[in-house]
Amino acid sequence: MARPRRSDDTRALLIEEGAADLLSNGYHGTGIKQVLDKVGVPKGSFYNYFDSKETFARAVIEHHSLCIQRNLADAFGSTADPLGGVRVFFARQTDEFVRTEFSGGCLLANLAAELEGSDVLREELSSAWVAWRDSVASALRAAQAAGSVREDIDAVDLADLLLESWEGAVIRMKLQRTVEPLHKCLKRLLDDYFRP
């Protein structure tokens with residue numbers, strides 16, 4: 001029997017649907033069959049695209065990381081002020097949380113909490129985090145050069161603090177069903193602690 005032709009479009013659809021399901025249901029709560037059914041792909045065809053569920057989740061994390069990078073580049077490109085670009089990125093994230101009625105949260109953080117036993121996925125999540133952190137650090141470094149962010153703390157350390165605080169605020173947002181923790185996080189850091 002001839003193997004079905006692999007389609008990059010189908011693979012992309014599986015990854016996009018997988019991202020939505022993994023965000024909503026977690027790794028263990030997401031069944032491959034439910035993703036395949038939503039995309040309209042026969043169950044046996046899954047292995048034409050991915051070796052395992054773990055390989056599938058890795059592709060989803062890679063895709064999510066690229067989306068974050070695109071969103072960061074778009075936000076940073078929307079203003080000449082590097083700190084303003086950071087604000088735009090987080091404002092758009094906040095708007096998305098409101099649009100989805102505070103559901104989901106952050107795919108990276110959600111999976112990291114669930115997948116500590118998989119070295120493959122832990123490493124992929126770590127790489128995605130570092131890429132996100134490094135992009136934010138680059139903007140903060142430019143803001144330091146422009147005089148709008150304190151220079152006595154390395155930009156990477158500031159970016160780590162911002163993202164780690166943001167993730168904690170996202171948890172509170174989900175619990176309290178309000179974006180107030182996100183606003184507080186950004187105000188305390190960008191408008192206070194990060195100031196020169």
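A pocket is taken here, on a 1 Å grid over the protein atoms alone, as an open set of points where a 1.4 Å probe fits, with protein on both sides within 12 Å along at least five of seven lines. Grid points are joined across faces, edges and corners, and a volume is the space filled by probe spheres set on the points. The model is predicted, so local features need pLDDT of at least 70 and side-chain atom pairs count only at pLDDT 80 or more, while totals for chains, interfaces and linings use all residues. Residues are numbered from 1 along each chain as its sequence is written, and side-chain values use heavy atoms, with hydrogens and water left out.

The largest pocket holds about 630 Å³ of space. Its lining comprises 25 residues (those with an atom within 4 Å of a point), and Leu23, His64, Gln93, Glu96 and Gly105 lie nearest the centre. Two or more lining residues come from each of α1 (8–29), α4 (53–77), α5 (82–99) and α8 (155–176); helices here are DSSP runs of H or I with at least four residues, numbered from the N terminus. By class, twelve lining residues are nonpolar, nine polar and four charged, where Ala, Val, Leu, Ile, Met, Phe, Trp, Tyr, Cys and Pro count as nonpolar, Asp, Glu, Lys and Arg as charged, and the others, Gly among them, as polar.

Helix α2 (residues 32–39) has Ile32, Val35 and Leu36 as its buried residues (buried: under 20% relative accessible area; exposed: over 50%; partly exposed in between; 1.4 Å probe, protein chains only). Viewed down the axis of α2, these residues fall within an arc of 95° and so line one face of the helix, the arc being that of the directions from the helix axis to the C-beta atoms.

Most residues other than glycine have a negative phi. Against that background, the loop between α5 and α6 (107–114) deserves a look, as Glu101 lies there with phi near 55°. Phe102 is also in the loop between α5 and α6, and its phi is near 70°. Glu101 is exposed at 54% relative accessibility, whereas Phe102 is buried at 17%.

In the loop between α7 (119–146) and α8 sits Arg150, which counts as buried at 17% relative accessibility. The side chains of Arg150 and Asp152 are joined by a polar contact of 2.7 Å (a pair of N or O atoms within 3.5 Å; within protein, one must be able to donate a hydrogen and the other to accept it, and residues adjacent in sequence count only if both atoms are side-chain atoms). Leaving aside residues up to four places away in sequence, Arg150 touches Gln144, Leu158, Tyr193, Phe194, Arg195 and Pro196, with contact meaning heavy atoms within 4.5 Å.
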